[in-house]
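Biologist: Could you take me closely through one part of this protein, namely its salt bridges and the surface beside them? I would like one connected account, with the cut-offs stated as you go.

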Amino acid sequence: MKIFMSILLLFIAFLSYGQANIVQTATFDSVAIFKFQPRKEVFLLSHQSNKAELKRLYTWLDRYKTEIANGNMMVYVNSYCASFGKNRKKNSDMALLRGSRMKTKLITEKRLKTKNILGASQAVEYEGMQDVIAIAIRNPLAEKPTAGIETKPEIKPEVKQTVQTPKVQSKPKVVNPIRPQPVNLFGSEKSSGGVFTLRTNLLYWLTGVPNAGAEWRPSGNVGILLNMGWNHWNWQGEERHYRLWAINPEVRWYLGQEKRWFIGGEFHTGQYNFKFGDTGRQGPFSGAGVTSGYRLYLSPMFDMDFSLGLGYTTTKYDEYTYFNEVNIKKQTGLTKKIWGPTQVGISLVLKLGGNKE
């Protein structure tokens, strides 16, 4: 009877230990690994594994959204680079660049806050891979290794008894532990946009219209723009005029995970005075239209913006001619209504802060 009770108590103890280990481990998700080109800061979403990993990571973030917001769970973003060989500084700089980019991608696309993210960059390999970012979610109060580092479980030896007992895994062993660091929101990174950007339309410069604009991104999907252009050209005395001012506010909705394609709506208004031949025309104009386009990544500092607007424009103008150094009106109160392109843009974008992707 005593032997039977001893065996029963030993079996219950093993079951309790295994159950406790399962409960603790259940608070951890698998690590999401994102691969980069060697010595490049470009994150390849087209890479099949990256696309699958991003989808898996976003599923975790949606599942634990409340716990992360309350501070009960943290997102750990750890960046590794070793493709520059023995040049530790370049490896460290590249790891920091990629990590900062990934952090701000999560902030803008999943509405995380800086206090929800920890991580670090290291000039070393990770599990034999030279250019990766490892991301995981965990309870910051749990006595576990830093998230973002895969663990290698050890098998606890069997206890020699007269009955067969289950094998129980010991606590995971830490591999290359790193100390979390606060997120640098304004570090160099690549993204679908920036919190605030400046821009200029290169096509308008080619047509002799100096211009500038700005965009504010209150969220990852929404962009609010204001573009302005002005010129005041005269030649052949006062016989030829090319004068224009215009204001063009626009609201955009960015699409997809990388927030590069967009659709939107725009309003345009201004005034012109054109005289390229015997007859000149001057007057105000206004209109509105829909826009669409694509934002092309160039570097952590610059993007190229391609856009096209289609809609309606109306103008009320006067016609005049130039005679004996005096402009003489020929007709007044003329109107014209136009359906067609309202804007065409190939714009250089300067990212000033936030998400530079």
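Modeller: What follows looks at the salt bridges and then at a nonpolar surface patch.

This is a predicted model, in which local features need pLDDT of at least 70 and side-chain atom pairs count only at pLDDT 80 or more, while totals for chains, interfaces and linings use all residues. Residues are numbered from 1 along each chain as its sequence is written, and side-chain values use heavy atoms, with hydrogens and water left out.

The protein chain holds 5 helices and 12 strands, where helices (H or I, at least four residues) and strands (E, at least two) are DSSP runs numbered from the N terminus. Of its 357 residues, 42% count as buried, a term that means under 20% relative accessible area, with exposed over 50% and partly exposed in between (1.4 Å probe, protein chains only).

A salt bridge here is a side-chain nitrogen of Lys or Arg within 4 Å of a carboxyl oxygen of Asp or Glu, and by that rule the count comes to 16. One of them joins Asp 305 and Arg 252, at 2.7 Å from N to O. This pair links distant parts of the chain, since Asp 305 belongs to strand E11 and Arg 252 to strand E8 (residues 240–254), 53 residues apart; both residues are buried. Asp 303 forms a salt bridge with Lys 351, with 3.0 Å between the closest N and O atoms. Because Asp 303 lies in strand E11 and Lys 351 in strand E12, this pair ties together parts that are 48 residues apart in sequence. Asp 303 and Lys 351 are buried as well. Through shared partners, salt bridges join Arg 199, Glu 215, Glu 250, Arg 252, Arg 295, Asp 303, Asp 305 and Lys 351 into one network.

Helix H5 (202–206) and strand E11 (302–323) are the elements that give two or more residues to the nonpolar patch. Within strand E11, Phe 302 is partly exposed, with a relative accessible area of 33%.
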